[in-house]
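Subject: Structure handover

Hello,

Here is the structure for your files.

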Amino acid sequence: MCVGCRKRAEAADLVRVAVRQDDNTPQLVVDVARTVPGRGAWLHPRRDCVTAAVRRKAFPSALRAPGLTVDPDDLAEAIGEITEEDGRSGRNR
Ligand SMILES: [Zn+2]
């Protein structure tokens, strides 16, 4: 399920994000290879879903990382780079 729009979707259509502890500060990472251990959250590689997920604080709760702060611009940018590399999704401009 996408943590942004909360619709069901195939894993192939979603990107995984996970948390990495960096000096005891949780950092959100976009898990391209889907190999980051621990909890992950899934969302569409779309700005709408990123913004919605950040606004409802979906990441700290889905990832059990209460101190996690997410900048929607940074995240959208990180995801945007991935989907451009990938070349098969996220081209809805
Ligand atoms: Zn979505």
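R47 is partly exposed, with 45% relative accessible area (buried is under 20%, exposed over 50%, partly exposed in between, with a 1.4 Å probe and protein chains only). This is a predicted model, in which local features need pLDDT of at least 70 and side-chain atom pairs count only at pLDDT 80 or more, while totals for chains, interfaces and linings use all residues. Residues are numbered from 1 along each chain as its sequence is written, and side-chain values use heavy atoms, with hydrogens and water left out.

R47 forms a salt bridge with D73, with 2.3 Å between the closest N and O atoms (a side-chain nitrogen of Lys or Arg within 4 Å of a carboxyl oxygen of Asp or Glu). D73 lies in helix α3 and R47 in helix α1 (residues 47-55), so the pair ties together parts 26 residues apart in sequence. D73 is partly exposed too, at 43%.

The count of salt bridges is two. D31 also pairs with R16, the closest N and O atoms being 2.5 Å apart. D31 is in the loop between β2 (25-30) and β3 (40-43) and R16 in strand β1 (residues 15-22), so this bridge ties together parts 15 residues apart in sequence. D31 is buried at 3%, and R16 is buried at 10%.

On the cysteines: there are zero disulfides (pairs of cysteine sulfur atoms within 2.5 Å). C2 is buried at 0% relative accessible area, whereas C5 is partly exposed at 28%.

Regards

Key: Helix = DSSP H or I, 4+ residues; strand = E, 2+ residues; numbered from the N terminus.
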